[in-house]
Amino acid sequence: MSAQQIGINLDPALEAAAAPRLNALVSDGVAGRLAAQDSTLWGPAAEAEASTRLSWTTLHRTSRPLIGEIEALRNELRSEGVDRVVLAGMGGSSLAPEVITATEGVALTVLDTTDPAQVADALAGDLDRTVLVVSSKSGTTVETDSHRRVFVAAFEEEGIDPARRIVVVTDPGSPLAELEQCRKVFLADPHVGGRYSALTAFGLVPAGLAGADVARLLDQATLVADAVAADTRDNPALRLGAAFGAAHDDGAEKLVLADTGSGITGFGDWAEQLIAESTGKQGTGLLPVVVDAPDAPGFGDAGKDATPVAIGPSTGGSRIAAEGPLGAQFLVWESAVAVAGRLLGIDPFDQPDVEAAKKAARSLLDDPDTLGATSAPAAVVGAVEVHASTGTSAEGSLADILREFTDTVPDGGYLAVQAYLDRLDDASAALLRPELAKRTGMQTTFGWGPRFLHSTGQYHKGGHQNGVFLQITGASEEDLQVPDRPYTLGTLQLAQALGDAQVLADHGRPVLRLHLTDRAAGLAEVVRAVQELDR
Ligand SMILES: O=P(O)(O)OC[C@H]1O[C@](O)(CO)[C@@H](O)[C@@H]1O
(Lines give C-alpha, C1' and ligand atoms only; values in the text may rest on other atoms or scores of the structure.)
Protein backbone atom coordinates (compact mmCIF):
# COMPACT_ATOMS: atom_id res chain seq x y z
CA MET A 1 0.00 0.00 0.00
CA SER A 2 1.26 3.52 -0.72
CA ALA A 3 0.22 6.87 0.72
CA GLN A 4 -1.51 7.51 -2.59
CA GLN A 5 -4.03 4.83 -1.66
CA ILE A 6 -5.74 7.30 0.62
CA GLY A 7 -7.56 9.54 -1.77
CA ILE A 8 -9.79 12.53 -1.13
CA ASN A 9 -11.85 13.34 -4.20
CA LEU A 10 -13.86 16.55 -4.33
CA ASP A 11 -16.39 17.64 -6.90
CA PRO A 12 -15.08 20.54 -9.02
CA ALA A 13 -17.20 23.25 -7.33
CA LEU A 14 -16.15 22.18 -3.85
CA GLU A 15 -12.53 21.80 -5.01
CA ALA A 16 -12.64 25.45 -6.15
CA ALA A 17 -14.33 26.66 -2.94
CA ALA A 18 -11.82 24.76 -0.80
CA ALA A 19 -8.76 26.04 -2.73
CA PRO A 20 -8.24 29.36 -0.88
CA ARG A 21 -8.55 27.58 2.48
CA LEU A 22 -6.14 24.88 1.35
CA ASN A 23 -3.62 27.52 0.24
CA ALA A 24 -3.88 29.28 3.60
CA LEU A 25 -3.44 26.01 5.51
CA VAL A 26 -0.34 25.18 3.46
CA SER A 27 1.18 28.63 3.84
CA ASP A 28 0.49 28.62 7.60
CA GLY A 29 2.33 25.30 7.86
CA VAL A 30 -0.68 23.73 9.60
CA ALA A 31 0.11 20.09 8.74
CA GLY A 32 3.69 20.25 10.02
CA ARG A 33 2.62 22.13 13.12
CA LEU A 34 -0.13 19.59 13.84
CA ALA A 35 2.31 16.69 13.47
CA ALA A 36 4.66 18.55 15.85
CA GLN A 37 1.72 18.94 18.29
CA ASP A 38 1.60 22.73 18.23
CA SER A 39 -1.18 23.69 20.65
CA THR A 40 -1.47 27.26 19.34
CA LEU A 41 -3.26 26.22 16.13
CA TRP A 42 -6.76 26.92 17.51
CA GLY A 43 -6.13 30.28 19.14
CA PRO A 44 -5.40 31.37 22.72
CA ALA A 45 -8.70 30.18 24.22
CA ALA A 46 -8.09 26.59 23.10
CA GLU A 47 -4.38 26.47 23.83
CA ALA A 48 -4.45 25.03 27.35
CA GLU A 49 -6.80 22.17 26.37
CA ALA A 50 -4.92 21.48 23.12
CA SER A 51 -1.61 21.24 24.97
CA THR A 52 -2.86 18.00 26.57
CA ARG A 53 -4.78 16.62 23.58
CA LEU A 54 -2.41 16.16 20.65
CA SER A 55 -0.54 12.90 21.21
CA TRP A 56 -2.77 11.11 18.69
CA THR A 57 -0.66 12.47 15.82
CA THR A 58 2.15 9.98 16.60
CA LEU A 59 0.22 6.93 17.82
CA HIS A 60 1.20 4.88 14.77
CA ARG A 61 4.68 4.87 16.38
CA THR A 62 4.01 5.20 20.11
CA SER A 63 1.32 2.49 20.32
CA ARG A 64 3.63 -0.25 18.96
CA PRO A 65 4.67 -1.64 22.37
CA LEU A 66 1.00 -2.39 23.12
CA ILE A 67 0.79 -5.01 20.41
CA GLY A 68 2.89 -7.61 22.24
CA GLU A 69 1.08 -6.98 25.53
CA ILE A 70 -2.32 -7.48 23.91
CA GLU A 71 -1.20 -10.62 22.12
CA ALA A 72 0.22 -12.12 25.31
CA LEU A 73 -3.00 -11.52 27.24
CA ARG A 74 -5.12 -12.84 24.37
CA ASN A 75 -3.07 -16.06 24.25
CA GLU A 76 -3.28 -16.46 28.02
CA LEU A 77 -7.06 -16.00 28.01
CA ARG A 78 -7.53 -18.37 25.10
CA SER A 79 -5.44 -21.05 26.78
CA GLU A 80 -7.95 -20.79 29.67
CA GLY A 81 -10.90 -21.15 27.26
CA VAL A 82 -11.85 -17.46 27.50
CA ASP A 83 -12.58 -16.25 23.98
CA ARG A 84 -15.74 -14.16 24.24
CA VAL A 85 -15.03 -10.44 24.63
CA VAL A 86 -17.63 -8.02 25.99
CA LEU A 87 -16.69 -4.34 25.91
CA ALA A 88 -18.27 -1.83 28.27
CA GLY A 89 -17.48 1.67 27.05
CA MET A 90 -19.24 4.78 25.81
CA GLY A 91 -18.44 6.97 22.80
CA GLY A 92 -14.71 7.10 22.15
CA SER A 93 -14.24 4.14 24.47
CA SER A 94 -16.10 1.72 22.20
CA LEU A 95 -16.77 3.19 18.73
CA ALA A 96 -13.29 2.46 17.31
CA PRO A 97 -13.08 -1.17 18.51
CA GLU A 98 -16.57 -1.70 17.14
CA VAL A 99 -15.64 -0.58 13.62
CA ILE A 100 -12.27 -2.39 13.74
CA THR A 101 -13.81 -5.73 14.70
CA ALA A 102 -16.84 -5.37 12.42
CA THR A 103 -14.52 -4.65 9.48
CA GLU A 104 -12.47 -7.78 10.19
CA GLY A 105 -15.55 -9.91 10.89
CA VAL A 106 -14.36 -10.58 14.46
CA ALA A 107 -16.98 -11.01 17.21
CA LEU A 108 -17.15 -8.32 19.92
CA THR A 109 -20.17 -7.62 22.13
CA VAL A 110 -20.34 -3.87 22.71
CA LEU A 111 -22.25 -2.52 25.69
CA ASP A 112 -22.91 1.18 25.22
CA THR A 113 -26.51 1.14 26.38
CA THR A 114 -28.58 1.30 29.54
CA ASP A 115 -31.37 -0.73 27.97
CA PRO A 116 -32.09 -3.55 30.46
CA ALA A 117 -32.93 -6.12 27.78
CA GLN A 118 -29.79 -5.45 25.74
CA VAL A 119 -27.60 -5.72 28.84
CA ALA A 120 -29.47 -8.88 29.91
CA ASP A 121 -28.70 -10.40 26.48
CA ALA A 122 -25.00 -9.77 26.95
CA LEU A 123 -25.19 -11.37 30.41
CA ALA A 124 -26.97 -14.38 28.96
CA GLY A 125 -23.96 -15.25 26.78
CA ASP A 126 -21.56 -17.95 27.97
CA LEU A 127 -19.94 -16.31 31.02
CA ASP A 128 -17.51 -19.23 31.38
CA ARG A 129 -15.85 -18.04 28.17
CA THR A 130 -16.25 -14.28 28.79
CA VAL A 131 -13.81 -11.50 29.53
CA LEU A 132 -15.23 -8.03 30.21
CA VAL A 133 -13.16 -5.07 29.04
CA VAL A 134 -14.11 -1.99 31.05
CA SER A 135 -12.98 1.04 29.06
CA SER A 136 -13.32 4.56 30.38
CA LYS A 137 -10.86 7.41 30.13
CA SER A 138 -12.36 9.25 33.10
CA GLY A 139 -13.24 6.06 34.99
CA THR A 140 -16.47 7.72 36.14
CA THR A 141 -18.92 7.25 33.26
CA VAL A 142 -22.17 6.03 34.79
CA GLU A 143 -23.13 3.58 32.02
CA THR A 144 -19.74 1.84 32.11
CA ASP A 145 -19.69 1.77 35.90
CA SER A 146 -23.14 0.15 35.87
CA HIS A 147 -22.05 -2.50 33.35
CA ARG A 148 -19.04 -3.38 35.49
CA ARG A 149 -21.26 -3.74 38.56
CA VAL A 150 -23.81 -6.04 36.89
CA PHE A 151 -21.07 -8.21 35.37
CA VAL A 152 -19.21 -8.56 38.68
CA ALA A 153 -22.45 -9.77 40.29
CA ALA A 154 -23.15 -12.16 37.39
CA PHE A 155 -19.63 -13.62 37.42
CA GLU A 156 -19.86 -14.14 41.17
CA GLU A 157 -23.22 -15.82 40.83
CA GLU A 158 -21.68 -18.31 38.39
CA GLY A 159 -18.76 -18.96 40.74
CA ILE A 160 -16.33 -17.15 38.42
CA ASP A 161 -13.71 -14.87 39.99
CA PRO A 162 -14.28 -11.37 38.48
CA ALA A 163 -10.67 -10.46 39.20
CA ARG A 164 -9.65 -12.98 36.49
CA ARG A 165 -12.24 -11.78 33.97
CA ILE A 166 -12.09 -8.00 34.03
CA VAL A 167 -9.57 -6.05 31.98
CA VAL A 168 -9.47 -2.27 32.39
CA VAL A 169 -8.49 0.42 29.91
CA THR A 170 -8.29 3.86 31.49
CA ASP A 171 -6.16 6.96 32.01
CA PRO A 172 -3.51 7.12 34.72
CA GLY A 173 -5.01 8.55 37.90
CA SER A 174 -8.64 7.62 37.16
CA PRO A 175 -10.61 5.69 39.82
CA LEU A 176 -10.53 2.64 37.53
CA ALA A 177 -6.73 2.66 37.48
CA GLU A 178 -6.91 1.62 41.13
CA LEU A 179 -9.49 -1.15 40.63
CA GLU A 180 -8.37 -4.22 42.52
CA GLN A 181 -10.92 -6.64 41.15
CA CYS A 182 -9.34 -6.95 37.71
CA ARG A 183 -6.81 -9.00 35.82
CA LYS A 184 -4.91 -6.22 34.11
CA VAL A 185 -5.07 -2.46 33.75
CA PHE A 186 -3.94 -0.93 30.45
CA LEU A 187 -3.12 2.74 31.01
CA ALA A 188 -3.77 4.80 27.90
CA ASP A 189 -1.97 7.95 26.83
CA PRO A 190 -3.77 10.70 28.78
CA HIS A 191 -2.85 13.30 26.16
CA VAL A 192 -5.41 11.90 23.71
CA GLY A 193 -9.14 12.68 23.95
CA GLY A 194 -11.74 9.90 23.70
CA ARG A 195 -12.80 10.52 20.11
CA TYR A 196 -9.16 10.67 18.88
CA SER A 197 -8.22 7.47 20.74
CA ALA A 198 -8.78 4.83 18.02
CA LEU A 199 -5.09 3.93 17.87
CA THR A 200 -4.50 4.05 21.65
CA ALA A 201 -5.20 1.26 24.13
CA PHE A 202 -8.90 2.26 23.91
CA GLY A 203 -9.14 1.11 20.30
CA LEU A 204 -6.46 -1.57 20.24
CA VAL A 205 -6.96 -3.55 23.47
CA PRO A 206 -10.61 -4.66 23.04
CA ALA A 207 -10.20 -5.19 19.30
CA GLY A 208 -6.94 -7.09 19.72
CA LEU A 209 -8.29 -9.28 22.54
CA ALA A 210 -11.24 -10.11 20.31
CA GLY A 211 -8.81 -11.27 17.62
CA ALA A 212 -8.43 -8.31 15.24
CA ASP A 213 -5.07 -7.66 13.59
CA VAL A 214 -4.29 -4.37 15.32
CA ALA A 215 -0.65 -4.20 14.18
CA ARG A 216 -1.95 -3.92 10.62
CA LEU A 217 -3.98 -0.83 11.61
CA LEU A 218 -0.84 0.88 12.88
CA ASP A 219 0.92 -0.08 9.62
CA GLN A 220 -1.91 1.46 7.62
CA ALA A 221 -1.67 4.69 9.62
CA THR A 222 2.13 4.73 9.26
CA LEU A 223 1.90 4.62 5.49
CA VAL A 224 -0.17 7.78 5.38
CA ALA A 225 1.51 9.64 8.28
CA ASP A 226 4.14 11.44 6.16
CA ALA A 227 1.51 12.62 3.68
CA VAL A 228 -0.66 13.92 6.56
CA ALA A 229 2.30 15.81 8.06
CA ALA A 230 3.31 17.44 4.74
CA ASP A 231 2.50 21.07 4.03
CA THR A 232 1.43 20.40 0.48
CA ARG A 233 -1.80 20.90 -1.44
CA ASP A 234 -2.23 17.16 -1.96
CA ASN A 235 -2.18 16.36 1.77
CA PRO A 236 -5.37 14.25 2.20
CA ALA A 237 -6.16 15.60 5.69
CA LEU A 238 -5.76 19.23 4.62
CA ARG A 239 -7.91 18.59 1.55
CA LEU A 240 -10.64 16.95 3.60
CA GLY A 241 -10.51 19.63 6.33
CA ALA A 242 -10.56 22.45 3.77
CA ALA A 243 -13.55 20.85 2.01
CA PHE A 244 -15.43 20.57 5.34
CA GLY A 245 -14.70 24.24 6.05
CA ALA A 246 -15.74 25.40 2.58
CA ALA A 247 -18.95 23.35 2.61
CA HIS A 248 -19.87 24.68 6.05
CA ASP A 249 -19.28 28.29 5.09
CA ASP A 250 -21.43 27.77 2.02
CA GLY A 251 -24.36 26.71 4.25
CA ALA A 252 -23.93 22.97 3.70
CA GLU A 253 -23.16 22.30 7.35
CA LYS A 254 -24.49 18.75 7.37
CA LEU A 255 -22.19 15.96 6.21
CA VAL A 256 -24.27 13.04 4.95
CA LEU A 257 -22.05 9.98 5.29
CA ALA A 258 -22.69 6.84 3.22
CA ASP A 259 -20.50 3.85 2.61
CA THR A 260 -19.91 3.37 -1.11
CA GLY A 261 -17.83 0.19 -0.96
CA SER A 262 -14.95 1.15 1.34
CA GLY A 263 -14.52 -2.36 2.72
CA ILE A 264 -14.92 -0.81 6.18
CA THR A 265 -18.00 -1.70 8.25
CA GLY A 266 -19.57 1.06 10.32
CA PHE A 267 -17.05 3.87 9.72
CA GLY A 268 -19.89 6.42 9.76
CA ASP A 269 -20.71 5.71 13.40
CA TRP A 270 -17.11 6.33 14.44
CA ALA A 271 -16.77 9.46 12.29
CA GLU A 272 -20.10 10.73 13.63
CA GLN A 273 -18.71 11.17 17.15
CA LEU A 274 -15.44 12.64 15.91
CA ILE A 275 -17.20 15.27 13.82
CA ALA A 276 -20.15 16.13 16.06
CA GLU A 277 -18.39 16.28 19.43
CA SER A 278 -15.36 18.08 17.98
CA THR A 279 -17.13 20.77 15.97
CA GLY A 280 -20.67 21.18 17.38
CA LYS A 281 -20.22 24.09 19.77
CA GLN A 282 -20.62 27.84 20.11
CA GLY A 283 -23.65 27.71 17.82
CA THR A 284 -21.67 26.36 14.87
CA GLY A 285 -20.33 23.03 13.63
CA LEU A 286 -20.77 20.17 11.20
CA LEU A 287 -23.67 17.79 11.73
CA PRO A 288 -22.95 14.22 10.62
CA VAL A 289 -25.96 12.42 9.15
CA VAL A 290 -25.15 8.72 8.83
CA VAL A 291 -27.20 6.91 6.19
CA ASP A 292 -27.37 3.27 5.13
CA ALA A 293 -26.28 3.60 1.51
CA PRO A 294 -25.83 6.18 -1.24
CA ASP A 295 -29.40 5.56 -2.41
CA ALA A 296 -30.84 6.38 1.03
CA PRO A 297 -32.99 9.51 1.39
CA GLY A 298 -30.87 12.55 2.25
CA PHE A 299 -27.78 11.55 0.25
CA GLY A 300 -28.35 11.79 -3.50
CA ASP A 301 -31.24 14.22 -2.96
CA ALA A 302 -29.36 16.39 -0.42
CA GLY A 303 -30.30 20.05 -0.62
CA LYS A 304 -28.15 23.15 -0.20
CA ASP A 305 -27.77 22.58 3.54
CA ALA A 306 -25.94 19.24 3.21
CA THR A 307 -22.81 17.75 1.67
CA PRO A 308 -22.97 14.07 0.62
CA VAL A 309 -19.73 12.32 1.60
CA ALA A 310 -18.80 8.89 0.23
CA ILE A 311 -16.80 6.58 2.46
CA GLY A 312 -15.20 4.72 -0.41
CA PRO A 313 -15.24 5.53 -4.14
CA SER A 314 -17.13 8.60 -5.45
CA THR A 315 -20.65 8.03 -6.65
CA GLY A 316 -22.89 10.18 -8.79
CA GLY A 317 -24.32 11.94 -5.76
CA SER A 318 -21.21 12.50 -3.63
CA ARG A 319 -19.33 15.81 -3.34
CA ILE A 320 -16.53 14.41 -1.18
CA ALA A 321 -15.16 10.86 -1.34
CA ALA A 322 -12.59 9.43 1.08
CA GLU A 323 -10.93 6.16 0.16
CA GLY A 324 -8.35 4.17 2.04
CA PRO A 325 -7.82 1.44 4.62
CA LEU A 326 -9.19 1.87 8.13
CA GLY A 327 -5.94 2.68 9.98
CA ALA A 328 -5.16 5.42 7.44
CA GLN A 329 -8.70 6.78 7.52
CA PHE A 330 -8.53 7.14 11.32
CA LEU A 331 -5.49 9.41 11.10
CA VAL A 332 -6.73 11.36 8.08
CA TRP A 333 -10.19 12.07 9.54
CA GLU A 334 -8.85 12.99 12.98
CA SER A 335 -6.44 15.44 11.35
CA ALA A 336 -9.10 16.78 8.97
CA VAL A 337 -11.54 17.43 11.81
CA ALA A 338 -8.84 19.21 13.82
CA VAL A 339 -8.11 21.33 10.72
CA ALA A 340 -11.83 22.03 10.22
CA GLY A 341 -11.94 23.15 13.87
CA ARG A 342 -9.30 25.76 13.08
CA LEU A 343 -11.27 26.95 10.04
CA LEU A 344 -14.50 27.13 12.05
CA GLY A 345 -12.80 29.00 14.89
CA ILE A 346 -13.61 26.47 17.62
CA ASP A 347 -11.69 24.20 20.01
CA PRO A 348 -11.98 20.69 18.53
CA PHE A 349 -10.93 19.01 21.77
CA ASP A 350 -13.56 19.98 24.33
CA GLN A 351 -17.25 18.96 24.67
CA PRO A 352 -18.73 21.74 26.80
CA ASP A 353 -22.41 20.82 26.40
CA VAL A 354 -22.26 17.10 27.16
CA GLU A 355 -22.08 17.63 30.91
CA ALA A 356 -25.44 19.48 31.06
CA ALA A 357 -27.45 16.38 30.09
CA LYS A 358 -25.45 14.19 32.49
CA LYS A 359 -26.19 16.66 35.29
CA ALA A 360 -29.91 16.75 34.52
CA ALA A 361 -30.06 12.93 34.48
CA ARG A 362 -28.22 12.80 37.80
CA SER A 363 -30.65 15.17 39.50
CA LEU A 364 -33.61 13.18 38.14
CA LEU A 365 -32.06 9.99 39.52
CA ASP A 366 -31.67 11.67 42.89
CA ASP A 367 -35.37 12.45 42.93
CA PRO A 368 -37.33 9.50 41.50
CA ASP A 369 -40.65 11.28 42.27
CA THR A 370 -39.84 13.92 39.67
CA LEU A 371 -39.07 11.11 37.26
CA GLY A 372 -42.54 9.65 37.81
CA ALA A 373 -44.31 13.01 37.52
CA THR A 374 -42.47 14.04 34.35
CA SER A 375 -43.55 10.84 32.70
CA ALA A 376 -47.33 11.49 32.85
CA PRO A 377 -48.46 11.44 29.17
CA ALA A 378 -50.27 14.31 27.41
CA ALA A 379 -52.10 11.75 25.22
CA VAL A 380 -52.26 8.01 24.65
CA VAL A 381 -52.68 6.52 21.18
CA GLY A 382 -52.77 2.71 21.25
CA ALA A 383 -49.44 1.45 22.59
CA VAL A 384 -47.90 4.92 22.32
CA GLU A 385 -47.88 7.54 25.06
CA VAL A 386 -47.29 11.06 23.79
CA HIS A 387 -45.20 13.50 25.82
CA ALA A 388 -44.82 16.90 24.21
CA SER A 389 -42.54 19.75 25.32
CA THR A 390 -43.62 23.40 25.23
CA GLY A 391 -44.56 24.50 21.74
CA THR A 392 -45.38 21.02 20.45
CA SER A 393 -48.88 19.61 20.30
CA ALA A 394 -50.34 16.29 21.44
CA GLU A 395 -53.69 16.68 19.62
CA GLY A 396 -55.26 14.29 17.09
CA SER A 397 -53.96 11.06 15.61
CA LEU A 398 -50.33 10.00 15.84
CA ALA A 399 -49.85 11.09 12.23
CA ASP A 400 -51.37 14.53 13.04
CA ILE A 401 -49.06 14.92 16.02
CA LEU A 402 -46.02 13.91 13.98
CA ARG A 403 -47.04 16.17 11.07
CA GLU A 404 -47.41 19.18 13.32
CA PHE A 405 -44.16 18.34 15.08
CA THR A 406 -42.05 17.85 11.95
CA ASP A 407 -43.47 21.11 10.57
CA THR A 408 -41.57 22.91 13.34
CA VAL A 409 -38.22 22.08 11.68
CA PRO A 410 -36.95 25.43 10.37
CA ASP A 411 -35.63 25.84 6.80
CA GLY A 412 -32.19 24.26 6.65
CA GLY A 413 -32.74 22.63 10.04
CA TYR A 414 -32.82 18.95 10.90
CA LEU A 415 -34.86 16.30 12.61
CA ALA A 416 -33.13 14.03 15.13
CA VAL A 417 -34.64 10.67 16.09
CA GLN A 418 -33.30 9.46 19.43
CA ALA A 419 -34.27 5.89 20.32
CA TYR A 420 -33.67 4.84 23.91
CA LEU A 421 -34.27 1.21 23.04
CA ASP A 422 -32.42 -2.08 22.50
CA ARG A 423 -30.39 -1.64 19.33
CA LEU A 424 -30.42 -5.38 18.64
CA ASP A 425 -33.98 -6.43 19.52
CA ASP A 426 -35.61 -3.12 18.53
CA ALA A 427 -33.41 -2.68 15.45
CA SER A 428 -36.45 -1.87 13.30
CA ALA A 429 -36.65 1.56 15.01
CA ALA A 430 -33.79 2.60 12.72
CA LEU A 431 -36.29 2.45 9.83
CA LEU A 432 -37.71 5.70 11.16
CA ARG A 433 -34.74 7.65 9.78
CA PRO A 434 -35.20 6.89 6.07
CA GLU A 435 -39.00 6.96 6.41
CA LEU A 436 -39.02 10.40 8.04
CA ALA A 437 -36.33 11.76 5.70
CA LYS A 438 -38.27 10.54 2.66
CA ARG A 439 -41.62 11.92 3.79
CA THR A 440 -40.49 15.24 5.24
CA GLY A 441 -37.64 15.97 2.81
CA MET A 442 -35.55 17.07 5.79
CA GLN A 443 -32.12 15.94 6.85
CA THR A 444 -32.82 13.37 9.54
CA THR A 445 -30.40 11.76 11.97
CA PHE A 446 -30.92 8.63 14.01
CA GLY A 447 -29.19 7.75 17.28
CA TRP A 448 -29.54 5.05 19.92
CA GLY A 449 -29.76 6.54 23.40
CA PRO A 450 -27.74 6.93 25.52
CA ARG A 451 -25.00 6.12 22.98
CA PHE A 452 -25.63 9.28 20.93
CA LEU A 453 -25.32 11.46 24.05
CA HIS A 454 -21.58 10.82 23.75
CA SER A 455 -21.57 11.69 20.06
CA THR A 456 -24.14 13.92 18.32
CA GLY A 457 -25.46 14.93 21.78
CA GLN A 458 -22.81 17.65 21.94
CA TYR A 459 -23.88 19.10 18.57
CA HIS A 460 -27.59 19.01 19.47
CA LYS A 461 -27.01 21.41 22.34
CA GLY A 462 -23.88 23.23 21.20
CA GLY A 463 -24.09 23.33 17.39
CA HIS A 464 -26.41 25.18 14.99
CA GLN A 465 -29.65 25.60 16.93
CA ASN A 466 -32.00 24.37 14.23
CA GLY A 467 -32.74 20.82 15.35
CA VAL A 468 -36.07 19.28 16.35
CA PHE A 469 -35.97 16.15 18.51
CA LEU A 470 -38.12 13.04 18.44
CA GLN A 471 -37.40 10.78 21.39
CA ILE A 472 -38.61 7.18 21.51
CA THR A 473 -38.58 5.43 24.86
CA GLY A 474 -40.05 2.03 25.70
CA ALA A 475 -41.33 -0.04 28.59
CA SER A 476 -39.06 -2.89 29.68
CA GLU A 477 -40.51 -6.28 30.48
CA GLU A 478 -37.72 -6.90 32.96
CA ASP A 479 -35.46 -4.40 34.64
CA LEU A 480 -31.99 -4.89 36.13
CA GLN A 481 -30.89 -3.49 39.47
CA VAL A 482 -27.45 -1.86 39.41
CA PRO A 483 -25.66 -3.44 42.38
CA ASP A 484 -24.92 -1.03 45.24
CA ARG A 485 -26.67 1.80 43.46
CA PRO A 486 -30.14 3.20 44.22
CA TYR A 487 -31.34 2.74 40.64
CA THR A 488 -32.11 0.14 38.01
CA LEU A 489 -30.86 0.31 34.44
CA GLY A 490 -34.42 1.12 33.30
CA THR A 491 -34.60 4.12 35.68
CA LEU A 492 -31.20 5.31 34.53
CA GLN A 493 -32.25 5.00 30.88
CA LEU A 494 -35.41 7.04 31.46
CA ALA A 495 -33.52 9.66 33.49
CA GLN A 496 -31.06 10.01 30.61
CA ALA A 497 -33.88 10.59 28.11
CA LEU A 498 -35.74 13.04 30.33
CA GLY A 499 -32.55 14.81 31.37
CA ASP A 500 -31.52 15.40 27.75
CA ALA A 501 -35.07 16.48 26.82
CA GLN A 502 -34.96 19.02 29.62
CA VAL A 503 -31.66 20.49 28.45
CA LEU A 504 -32.86 20.61 24.81
CA ALA A 505 -36.07 22.37 25.91
CA ASP A 506 -33.96 24.83 27.93
CA HIS A 507 -32.19 25.61 24.64
CA GLY A 508 -35.61 26.36 23.13
CA ARG A 509 -35.60 23.24 20.99
CA PRO A 510 -38.86 21.33 20.37
CA VAL A 511 -38.91 17.81 21.83
CA LEU A 512 -41.60 15.17 21.36
CA ARG A 513 -41.31 11.93 23.32
CA LEU A 514 -43.20 8.85 22.25
CA HIS A 515 -43.17 6.17 24.92
CA LEU A 516 -43.94 2.65 23.73
CA THR A 517 -45.89 0.76 26.36
CA ASP A 518 -45.49 -2.32 24.15
CA ARG A 519 -42.31 -1.98 22.11
CA ALA A 520 -43.19 -4.07 19.04
CA ALA A 521 -46.79 -2.85 18.75
CA GLY A 522 -45.83 0.75 19.53
CA LEU A 523 -43.01 0.81 16.98
CA ALA A 524 -45.32 -0.57 14.31
CA GLU A 525 -47.86 2.19 15.12
CA VAL A 526 -45.20 4.91 14.93
CA VAL A 527 -43.88 3.61 11.60
CA ARG A 528 -47.44 3.46 10.22
CA ALA A 529 -48.09 7.04 11.35
CA VAL A 530 -44.86 8.23 9.70
CA GLN A 531 -45.95 6.51 6.47
CA GLU A 532 -49.09 8.63 6.50
CA LEU A 533 -47.03 11.83 6.37
CA ASP A 534 -46.38 13.43 3.04
CA ARG A 535 -44.21 16.28 1.99
O1 LIG B 1 -14.07 7.29 28.32
P2 LIG B 1 -15.07 7.94 29.22
O3 LIG B 1 -14.44 8.88 30.18
O4 LIG B 1 -15.92 6.93 29.90
O5 LIG B 1 -16.01 8.82 28.33
C6 LIG B 1 -16.77 8.28 27.30
C7 LIG B 1 -17.25 9.34 26.35
O8 LIG B 1 -17.91 10.36 27.07
C9 LIG B 1 -17.50 11.63 26.59
O10 LIG B 1 -16.54 12.13 27.46
C11 LIG B 1 -18.50 12.66 26.63
O12 LIG B 1 -19.70 12.24 26.15
C13 LIG B 1 -16.90 11.29 25.23
O14 LIG B 1 -16.12 12.31 24.72
C15 LIG B 1 -16.16 10.05 25.57
O16 LIG B 1 -15.72 9.38 24.46
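**Reading the fold by its cut-offs**

Student: What makes the chain agree with a compact globule?

Tutor: The model is predicted. With 535 residues, a compact globule would have a radius of gyration near 24 Å, and the chain has 22 Å, so the two agree. Along its principal axes, the C-alpha trace spans about 60 × 60 × 40 Å.

Student: How much of the chain counts as buried?

Tutor: Of the 535 residues, 57% count as buried. Contacts tell a related story. Among those with a separation of 6 or more, 76% join residues 24 or more positions apart. The chain holds 21 helices and 16 strands.

Student: Why is Leu-331 called buried?

Tutor: The cut-off is 20 or more other C-beta atoms within 10 Å. Leu-331 has 30, so it is buried. Leu-331 lies in helix α14, residues 326-344.

Student: What does Leu-331 touch, leaving aside residues up to four places away in sequence?

Tutor: Leu-331 touches His-60, Ala-221, Val-224, Ala-225 and Val-228. Ala-258 is 73 residues from Leu-331 along the chain, and their C-alpha atoms are separated by 19 Å.

Student: Why is α10 described as largely enclosed by the rest of the structure?

Tutor: Count its residues. Ten of the ten are buried, so α10 is largely enclosed. Among them are Phe-202, Leu-204, Val-205 and Pro-206. After α10 comes Gly-211, with a positive phi near 115 degrees.

Student: Which residues form the contact of α10 with α5?

Tutor: From α5 come Leu-66, Ile-70, Leu-73 and Arg-74. From α10 come Ala-201, Leu-204, Val-205, Gly-208 and Leu-209. By class, the contact has seven nonpolar residues, one polar and one charged.

Student: What is the geometry of α5 and α10 as they pack?

Tutor: The angle is about 30 degrees, and the axes lie 9 Å apart. Helix α5 covers residues 64-79 and helix α10 residues 201-210. Their crossing is right-handed.

Student: How do you know that the peptide bond between Gly-449 and Pro-450 is cis?

Tutor: Look at omega. For this bond omega is about 0 degrees, and the bond is cis. Most peptide bonds are trans. Pro-450 is found in the loop between β14 (443-448) and α19 (456-462).

Student: How many residues surround the ligand, and of which classes?

Tutor: 15 residues surround the ligand. The closest are Gly-91, Gly-92, Ser-138, Thr-141 and Gly-194. The shell has two nonpolar, ten polar and three charged residues. Gly counts as polar in this scheme.

Notes:
Residues numbered from 1 in each chain as written. Predicted model: local features only at pLDDT ≥ 70, side-chain atom pairs only at ≥ 80, totals over all residues. Helix = DSSP H or I, 4+ residues; strand = E, 2+ residues; numbered from the N terminus. Buried ≥ 20, exposed ≤ 12 C-beta atoms within 10 Å, placed from the backbone. Contact = placed C-beta atoms within 7 Å. Near = placed C-beta within 6 Å. Axes fitted to C-alpha atoms, helices over the stretch in contact; angles between N-to-C directions. Left-handed = near helix turned anticlockwise from the far one by under 90°. Rg over C-alpha atoms; globule rule 2.2 N^0.38 Å.
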